[in-house]
Amino acid sequence: NDSAELKALDLAHHLPAQADYALLEQLGGSRIITHAEGCVITDIDGKSLLDGMAGLWCVNVGYGRSELAEAAYKQMLELPYYNTFFKTATAPAVRLAAKIAEKMVLSNPDLKHVFFNSSGSEANDTVFRLVRHYWTLKGEPDRQVFISRRNAYHGSTVAGASLGGMTFMHAQGGLPIPGIEHVRQPYLFGEGFGQDPDAFADACVQDIEDRILSVGPDKVAAFIGEPVQGAGGVVIPPQSYWPKVEALCRKYGILLICDEVICGFGRLGQWFGHQHYGVKPDIIAMAKGLSSGYLPISAVGVSSHIVEVLKTGGDFVHGYTYSGHPAACAVALANIGIIEREGLIERTREVTGPYLATALTRLDGHPLVGEARSIGLLGAVEIVSEKGTNLRFKGAEGHAGPVVRDICIKNGLMVRGIRDTIVMCPPLIITEAEIDRIVDILEASLNEAEPVLRAL
Ligand code: PMP
């Protein structure tokens, strides 16, 4: 049948992302997803799963939006492609830049210029080169060092993975490249366990300041961080963390960059995650929710004060064939139209986000749950071996998440297991009934996982 044939082709030729290829062989190939509607994905064997991950943190408006397919179709017939290298642009790219600017100026009136790329990683590569070039043009060529956080995820390219703070990624390919410093992550359930959130925020910010001073304040170009670390395990910082980071950046004249690839486009109940924390970044990177994943596109939002300096330097020799791809821009515009028309951001902030937070409290009494937390429609469940502690299962340390995830998938829920944490990020169209279903399946799966984990 189709399924067996495709799985064989997968094993013979296809190298999926972030996969243990030997394990895939044991499993008989990838789970091949064939179609989806709303918040439900279906695989080639006909098994349906509630998509608690919105694809990979991206399908914010849900699946099956014919409006987005039509936007792509119409644009492809009209003008499928043109580049931005010959002092040229296309109508959808120009319109989308203006639309994104309209949202960015809500928090920072200076943040109104947009550079397009195709992925979050490319956006962060753009950030990397743009910032270093900016400081050189500004007459401070020694300011080249980026400060990032441990366990941050900023992409998979050389610059993206280097900016990221995942040591297991660094170990593959000889990363990070020089000039990147990684500091403490504001992980209350980890290093900050049991501490007062504000005191812990102060300690994290102190770690940044210590690093600035040890590198030399006149050598630091920028601080980069996700408003809430996503792939790092949905690390929600104490509320006072970001304003303090911002103050530190201003104190030393360092650029503040927010990676909004996951947090942007409604995830935290605002257009951008930094708006939740009331800070004004100089630069932001965005992708995923910008087009809800229907076509690949990303963007870098850049402040006027930076653009004014870039204008003094002649050509900024940077760009991609697909920068400002017209069909992707048309889809992103239609996607933003849906978010606006359906009030998905307000709904996340006022209805479904609080509903998820309340629903997750049902897990608080579970013997395996150290903490269940969420912000907007981004949530996490910490799996512990002893209630009331942040101790992990010895035999499964760093793996309890994937164990529970596999059981969730068997039970009809797609979530992600990151080390000892289950993370979730459902489409913004999720209903209250579907949120209940997520929590019910999580609870049943944790029950099922308990003897498995205790036996390891
Ligand atoms: N930044 C963040 C915060 C991300 O979560 C991701 C992807 N998960 C990226 C950057 C990289 O994006 P992409 O996979 O589109 O290159």
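**Figure 1. Secondary structure and overall dimensions of the protein chain.** The secondary structure of the protein chain comprises 16 helices and 15 strands; helices (H or I, at least four residues) and strands (E, at least two) are DSSP runs, numbered from the N terminus. The model is predicted: local features need pLDDT of at least 70, side-chain atom pairs count only at pLDDT 80 or more, and totals for chains, interfaces and linings use all residues. Residues are numbered from 1 along each chain as its sequence is written. Along the principal axes, the C-alpha atoms of the protein chain fill a box of roughly 65 × 55 × 45 Å.

Figure 2. Domain 1 (31-61 + 343-455) and domain 2 (69-341) divide the protein chain, with bounds from an automatic or database domain assignment. Their C-alpha centres lie 26 Å apart. In domain 1, 27 residues are in contact with 23 residues of domain 2, contact meaning that the C-beta atoms of two residues, placed from the backbone, lie within 7 Å. On the domain 1 side, at least two residues each come from α3 (54-57), α14 (344-360), β11 (369-375), β12 (378-383) and β15 (421-424). Helix α14 gives the largest share, 5 residues.

**Figure 3. The crossing of helices α5 and α13.** The axes of α5 (residues 91-104) and α13 (residues 326-341) come within 8 Å and cross at roughly 40°; axes are lines fitted to C-alpha atoms, for helices over the stretch in contact, and angles run from 0 to 180 degrees between N-to-C directions. This crossing is left-handed, the near helix being turned anticlockwise from the far one by less than a right angle. From α5, residues P92, A93, R95, L96 and K99 meet P326, C329, A330, A332, L333 and I336 of α13.

**Figure 4. Helix α15 and its surroundings.** In α15 (residues 400-410), the buried residues are A400, G401, V403, V404, R405, I407 and C408; a residue is buried if 20 or more other C-beta atoms, placed from the backbone, lie within 10 Å of its own. These buried residues pack against β12, β13 (413-414), β14 (416-418), β15 and α16 (432-455). After α15 comes G412, with a positive phi near 100°.

Key: A residue is buried if 20 or more other C-beta atoms lie within 10 Å of its own, exposed if 12 or fewer, and partly exposed in between; C-beta atoms are placed from the backbone.
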